[in-house]
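Open the model in your viewer and keep the selection panel at hand.

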Amino acid sequence: MTEPFQYKTLKQLSCFSDYQVTAGITTRKDGYSEVPFKSLNMGLHVSDESDVVITNRKSLAEELNVPLENWVMGEQVHGTNIRTVTKAEAGRGAYVHGEAINGVDGLITNEKGILLTAFYADCVPLLFIEPESGWIGIAHAGWKGTVNEIARCMAERLAQQGASLSRINLAIGPCISKMNYEVDDHVIKQISTEFQDQVIEKVSENKFKLDLKELNRQIAVKAGISQENIQLSEYCTFNNSDLFFSHRRDQGQTGRMLAYIGLI
């Protein structure tokens with residue numbers, strides 16, 4: 001399978017190149033932050049210098065040709081709440097973390113001129129487009145959002161807005177891989193039994209490897225998204241230390257990548 005996230009510049013890997021969107025995820029390269037956030041940290045909610053993070057964001061905004069004032073961000077609380085975004089929300093969270101849309105881990109829109117964004121450092125980026133209806137979306141899926149099926153929630157919300165499930169395309173982005181993601185029984189018990197055989201591997205008593213990418217894929221397929229329309233990145237944030245931040249690898253002292261999608 002061809003890797004859906006392809007190098008565009010040092011700063012970014014792009015996806016959905018066949019559609020009229022700007023979409024992808026940043027790397028950790030070609031920014032201005034110092035260790036341990038070196039160098040393209042996009043998160044204001046970590047203990048990096050705010051002015052440096054804004055400089056990093058503006059440098060990406062120039063590459064994407066989407067002004068920072070037109071970016072929209074959710075608070076990200078590891079939930080499944082989704083907000084339909086219009087130009088009225090443009091700029092929310094772009095300069096001040098506390099101004100992000102409260103209590104939201106998913107964003108959708110059908111309006112041009114705004115960039116839906118979310119932050120990651122091992123969690124799963126989910127990017128959606130239904131080209132005929134013109135609806136797009138982005139979701140942040142940590143283990144809690146994943147087991148609570150934010151992928152299904154996004155599919156359902158897009159369908160409610162008029163998107164066709166059969167035409168929704170989903171790109172599952174770089175995140176921590178199964179081989180590097182060990183969890184305990186507390187997590188496993190919250191995964192639907194119909195998915196467990198496909199996504200977990202027992203390591204020892206109360207220790208399991210969990211495949212977050214595959215779990216999100218399985219949930220999306222059950223929700224009605226065609227398997228042929230789902231692309232999975234092979235990148236592992238934990239393994240690729242030169243390319244990505246990883247919360248688990250770096251023991252919490254790290255930056256954040258930004259995934260984004262906007263209609264051209």
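Start at the second largest pocket: its lining divides into four nonpolar, six polar and two charged residues. Here Ala, Val, Leu, Ile, Met, Phe, Trp, Tyr, Cys and Pro count as nonpolar, Asp, Glu, Lys and Arg as charged, and the others, Gly among them, as polar. This is a predicted model, where local features need pLDDT of at least 70, side-chain atom pairs count only at pLDDT 80 or more, and totals for chains, interfaces and linings use all residues. Residues are numbered from 1 along each chain as its sequence is written, and side-chain values use heavy atoms, with hydrogens and water left out.

Select the lining of that pocket: Thr2, Glu3, Pro4, Gln6, Ser14, Cys15, Phe16, Ser17, Asp18, Tyr19, Asn169 and Gln231. The volume is about 160 Å³. A pocket is an open set of points on a 1 Å grid over the protein atoms alone, where a 1.4 Å probe fits, with protein on both sides within 12 Å along at least five of seven lines; lining residues have an atom within 4 Å of a point. Points are joined across faces, edges and corners, and the volume is the space filled by probe spheres set on them.

Next, the largest pocket, at about 410 Å³. Select His78, Ala121, Cys123, His140 and His247: of its 20 lining residues, these are the closest to the centre. The lining holds eight nonpolar, eight polar and four charged residues.

Now go to the largest nonpolar core, with 40 residues. Such a core is a set of buried Ala, Val, Leu, Ile, Met, Phe, Trp, Tyr and Cys residues joined through side-chain atoms within 4.5 Å. Buried means under 20% relative accessible area, exposed over 50%, partly exposed in between (1.4 Å probe, protein chains only). Select Leu126, Phe128, Ile191, Leu210 and Leu215, which have the most contacts inside this core. A second, separate core of 31 residues includes Phe5, Val72, Tyr120 and Ile129.

Finish with charged pairs. The structure holds twelve salt bridges, each a side-chain nitrogen of Lys or Arg within 4 Å of a carboxyl oxygen of Asp or Glu. Select Arg152 and Glu156: their closest N and O atoms are 3.1 Å apart. Arg152 is partly exposed at 26%, and Glu156 is partly exposed at 36%. Then take Lys202 and Glu205, with closest N and O atoms 3.9 Å apart. Lys202 is exposed at 53%, and Glu205 is exposed at 67%.
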